[in-house]
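Here's a quick tour of some local geometry, meant to be read with the viewer open.

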Amino acid sequence: METEPMIENQPAEAYIAHVRASDQEIQPLEDHLLEVAEISKKLAAKINASEAGELIGLLHDFGKYSTAFQDYIQTGTGLMDADADVEVVASKGKIDHSTAGAQWIWEALSQVGANGEGKLCAQILALCIVSHHSGLIDCLKPDCINPAEINGFKKRIEKPDDDSHLAECKQKAAAKILDKARQLADTAIIPAMYKQLWRLDQPKQHEQVISNTIKQFYFGFWTRFLFSCLIDADRINSSDFENPHQAAQRNKPVSWDIAVNRLELFLSEQQSENDNLEINAIRRDISESCKSKSQGPQGIYKLTVPTGGGKTYASLRYALHHAKKHGLERIIYIIPYTSIIEQNALAVRKAIERVGEEYSWVLEHHSNLEPEDQTWHSKLASENWDAPIVMTTMVQFLETLFSGGTRGVRRLHQLANSVLIFDEIQTLPVNCTHLFCNALNFLCAYAKTTAVLCTATQPLLDKLKAPEKGQLLIPKENELIDDVDELFTRLKRVNISDKTKLGGWSEDEIADLALSELDEKGSCLVIVNTKNWAQALYLKCKGKVDKDSLFHLSTNQCSAHRNELFDRIKWRLKEKLPVLCFSTQLVEAGVDISLASVIRFLAGLDSIAQAAGRCNRNGLLPTATVHVVNPAEENLDRLIDIKEGRKQAERIFRDLNGKDVLDPEIMTRYFDFYFHQRTDQMAYPLTEKQVGRTGDTLLNLLSENNLNNGKNADMLLKQSFMTAGNVFKAIDAPTHSVIVPYGQGENLVTELCGIAKPFDSARYHDCLRRAQKFSVSVFPHVWEKLCNQEAVHPIDDGVYYLDKCYYSSEFGLSTEPVGKVEATIL
């Protein structure tokens, strides 16, 4: 390796990494590089890559030794007269300080090894460094018109020295930094890295052949994991310099013994209070089975339990005992909807938290209010999941795995050394199926992660039609319940009545059935597929029943509004008072309510099974009925999953031959039909508009990338990381969130608007946190209507509030003034 020329450098403290805004205190560049290197080293040890983590941490800001950057930061922070150099001021945000470190690594390592070992390792390390402000860049640019520009990584690594300042930084860098970098590069870093990468290239895993697509995905995902370590290390160190008091609050050691003992005490007390119901005995058996299986090895497991079987506490019991057994760092619950995170978090806190404790065991992470394109130094930066028990959404989880930029990927390394509990795994977006399976297989095989797939309706994620693209690798013995069929028989509490008919049910007929069930059974829940149908049926029955017994639920209502309605419903049910509720499918996954009768619009069999979980949930009645009806008119053009599920459910109902529709065998048949019809959608298909060509998928961009026409003989990684991250969108999620004037929401809007810029960050962040309960997320077409009506107003970039004329006490957010709301089903 070439020795850099040595010159007499300025004192180490003369080179600045950051300047603290509060008091103009300087963080020396040498300190920042060494401290980030140490943090990144510890984090990268999770995948046995501590040397790699240390080196990229050490060199990530190597370019800050340049005069151009030092002039820029001193001018921008007021340490230098801004008038002294107009060119420096004009170049704000354009000083490249990430390429130099990448070029240093490429020069040092790319020629090592006879079989390209050094080139692959150098590319991975350099890629992490050049990307640490932008998000992982494209190795190949799929939509590039000019063939000479297609090799994005090569273009970056060959950037002229006038722009990267590598030679200057070599001369000016502190001797300690250069010595440490040489030591890392000259030791066994390539053999150490290559040993881990070689593990990804093994021909078999759980006796299943791994295709080249999966191997290449693993190489890319390993790179993303290492990138996550660098991003979090950099952000932690920078944030803790800005706010020194934070450092002492990080990485608190977890005593699983405390949580285990508290949960066991809680469960024993619950048992003594609820011995009178047979269903509680079944729930205890499920819980005991989970506790017993928790002592087994790490891996991917299934927890297949009928709705109402007590999955929340059973899975928590498994997770706590398993984390203790294997010395794991955290437990992460991945939940499909924000509407049930608070409910589950409350249940967990009730079991293991105590009043007066300095720190909470549970972190809820499901904010929809923070701007999507935040910078790392923003005071609204998202959590990095540094907590013993994290509860987040599937959207946040998938963004951590696949989104672009640096915000989501920062948390990726926290999935290692953890237990991941997937609640209602059947809600996984179909287009993410192969991507999800490959990522989870990687984490469980190479990052000391355990995953539990919880649901009453297990999808066939280990039996896909195209396994060469990726499917879960689950040993047959990895079911936490020994006899699933027997358990479903013991927990049977409802019958499914197929009332679908030719031509479908009219609005009047459905309303009459609901009123009849209410009159006969005392309570009835009607679950529909669209918000318009929920409103139409509510209005149809309004005036025909006591107003206190009539309820409407949808995601147009903020969570505080829905929670208040849920509390009223539960209280009325407990007092045996009438309840007639019309709701979208938000009540199906994990909502702890039980009514005497349920009417479900025809949808996928998994949705029907989940609806059955809201009927006679605690077995207080000998039996109950879920009536399945097909509305005569229903527009599902925007709800493709429901539309396809309904189609396959119709097929199942035709071929039942007297079998119970909730039988696990029937559910397996349903998912076989459903997945077979949607196989082509499982690799995340992309459009020509997204990537400049037809027939491509996100899976291809993140693995072989073999549809790219560019010449890439020199590059071993071909992934289009940035393009993939930019087009990835989890669960077709709403893209706008607005604070609504419900309850305290109106006061919070006033408070947020009154915080002067520059923001009091602590107060502003606290207000946003409290405003989560008073926000509604909307899809682009709804947002456009609100904007056209001038119904939304900005507080700050990405933060809006709703005019009070557009929020109804009955239906929530509306695109028309409340007095003009008329529900139509089309």
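Predicted model: local features only at pLDDT ≥ 70, side-chain atom pairs only at ≥ 80, totals over all residues.

How many bridges join S5 to strand S10? Five, and S5 and S10 (residues 450-455) run parallel.

**The open sheet**

That pair belongs to an open sheet of six strands, ordered S5-S10-S9-S6-S8-S7, with parallel pairing. Strand S5 (300-304) and strand S7 (362-365) sit at the edges. Each of these two has a single partner strand, so one side of each has no neighbour in the sheet. Going from one strand to the next, the twist averages 20°.

Over at residues 16-19 you'll find strand S1, which pairs with strand S2 (residues 26-28) in the antiparallel sense, over three bridges. Ile16 stands opposite Pro28 in S2. The hairpin has six residues between the strands, and Gln24 there takes a positive phi near 65°.

| Strand pair | Sense | Bridges | Residues standing opposite |
|---|---|---|---|
| S1 and S2 | antiparallel | three | Ile16 and Pro28 |

**Two helices crossing**

Two packed helices are described by the angle between their axes and the distance between the axes. For helix H12 (residues 212-242) and helix H17 (residues 394-402), the axes come within 10 Å and cross at roughly 100°. Angles of 65 to 115 degrees count as roughly perpendicular, and H12 and H17 are therefore roughly perpendicular to each other. On the H12 side, the contact is made by Phe217, Phe221 and Arg224. H17 brings Glu399, Thr400, Leu401 and Phe402. Sorted by class, the contact of H12 with H17 has four nonpolar, one polar and two charged residues.

**A histidine to look at**

Last stop: His321, which has its place in helix H15 (residues 311-326). Is His321 buried or exposed? His321 has 11% relative accessibility, and because buried means under 20%, His321 counts as buried. The side chain of His321 makes a polar contact with the side chain of Glu264, at 2.9 Å. Leaving out residues up to four places away in sequence, His321 touches Val260, Glu264, Lys291, Ser294 and Gln295.

Technical notes:
Residues numbered from 1 in each chain as written. Heavy atoms only, no water. Pairing = 2+ DSSP bridges. Helix = DSSP H or I, 4+ residues; strand = E, 2+ residues; numbered from the N terminus. Axes fitted to C-alpha atoms, helices over the stretch in contact; angles between N-to-C directions. Parallel < 35°, antiparallel > 145°, perpendicular 65-115°, else oblique. Contact = heavy atoms within 4.5 Å. Nonpolar A, V, L, I, M, F, W, Y, C, P; charged D, E, K, R; others polar. Buried < 20%, exposed > 50% of the residue type's maximum accessible area, 1.4 Å probe, protein only. Polar contact = N/O pair within 3.5 Å; in protein donor to acceptor, adjacent residues only side chain to side chain.
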